[in-house]
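Please read the note below alongside the model. The points go from the overall form to single residues.

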Amino acid sequence: MTYAEFFQEIKSRFMGTDVSDIYEHLAYQFCIDDEEAGGIFYVEVKDGILHVEPYEYYDKHANFICDTDTLIKIADGKLDPVKAYTANKLRVEGDIDKALRLKEIIDHKKRQEKEAAKKAAAEKKAAEKEAAKKAAAEKKAVAKKTTTKAATEKKAVAKKTTTKTAEKKTTATKTVTKAAEKKTTAKKTAGTTAKKASTKKTTDK
């Protein structure tokens, strides 16, 4: 990793940190002790804004000297700068009281990342809840549509069955009527035949 690549990586870790509530002016210079990524850059808090630039800072409050791995861990909040100092992983030159304020910047960054993660989790949960609600509504709508369709089809079948029953009843009525008419006709025919026979008998006498 070159110095330019390392600097951009570190800058991306620091930039975006909200330090608007740090009113004190803080200027730190970092000397990176590495054969490939070695170099100097500064971190400054001025008027509530964080600046990270690849230059020397002559009027600095403190100078930090460490290797790339140590600084990345500090920037990520995985290594406390005070612990790094006591473990001789981080050397400090200059105003110690000002140097200790570096931890405040790191803590701001960690807190903001935590809040961002919490917000993202809440948004994800809300999105999942909304998606589940929408899916349930769609499922309910489909079920209602299916029920309505089934009820309509059942009603149609029932109506068709009723119509067929009525038609069958009408046919049966017609059949009975025809049978009655046939019976009446037969009765009339029998009456006429009997009358003719009686008339003939009288004539024969």
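Predicted model: local features only at pLDDT ≥ 70, side-chain atom pairs only at ≥ 80, totals over all residues.

1. Residues are numbered from 1 along each chain as its sequence is written, and side-chain values use heavy atoms, with hydrogens and water left out.

2. The protein chain holds five helices and five strands, where helices (H or I, at least four residues) and strands (E, at least two) are DSSP runs numbered from the N terminus. Read from the N terminus, the order of the elements is α-β-β-β-β-α-α-β-α-α. The radius of gyration of the protein chain is 50 Å, well over the 17 Å that the globule rule gives for 205 residues, so the chain is more spread out than a compact globule; the radius is taken over C-alpha atoms, and the rule is 2.2 Å times the number of residues to the power 0.38. The C-alpha trace spans about 165 × 35 × 25 Å along its principal axes.

3. Of the 205 residues in the protein chain, 23% are buried, with buried meaning under 20% relative accessible area, exposed over 50% and partly exposed in between (1.4 Å probe, protein chains only). The accessible surface of the protein chain is about 15100 Å², and carbon and sulfur atoms account for 57% of this surface; such areas come from the Shrake-Rupley method with a 1.4 Å probe, and for residues only the protein chains shown count as cover.

4. Six aromatic pairs are found in a search of the whole structure, a pair being rings of Phe, Tyr or Trp (its six-membered ring) with centres within 6.5 Å, called stacked if the planes are under 30 degrees apart, edge-to-face if over 60 and tilted for the rest. The rings of Y3 and F7 have centres 6.3 Å apart and planes at 25°, so this pair is stacked. Both residues lie in helix α1 (residues 3-14), four residues apart, or about one turn of the helix; Y3 is partly exposed at 21% relative accessible area, whereas F7 is buried at 4%.

5. The rings of Y28 and F64, with centres 5.3 Å apart and planes at 70°, are edge-to-face. This pair links distant parts of the chain, since Y28 is in strand β1 (residues 26-32) and F64 is in strand β4 (residues 62-66), 36 residues apart. Both Y28 and F64 are buried, and one aromatic cluster is formed by Y3, F7, Y28, F30, F41 and F64.

6. T68, in helix α2 (residues 68-75), is buried, with a relative accessible area of 17%. Apart from its neighbours within four places in sequence, T68 is in contact (heavy atoms within 4.5 Å) with F6, I32, D34 and A37.

7. V82, Y85, I96 and L100 make a nonpolar surface patch of about 340 Å². L100 is in the loop between α4 (96-99) and α5 (102-204), and is partly exposed, with a relative accessible area of 46%.

8. Which backbone angle of D47 deserves a look, although D47 is not a glycine? D47 has a positive phi of about 55°, lies in the loop between β2 (39-46) and β3 (49-53), and counts as exposed at 70% relative accessibility. N88, also not a glycine, has a positive phi of about 65°; N88 is in the loop between α3 (81-86) and β5 (91-94) and counts as exposed at 69% relative accessibility.

Definitions and conventions: Patch = residues over 30% accessible without salt bridge, like charges linked within 9 Å, V, L, I, M, F, W, Y side chains within 5 Å. Salt bridge = Lys/Arg side-chain N within 4 Å of Asp/Glu carboxyl O.
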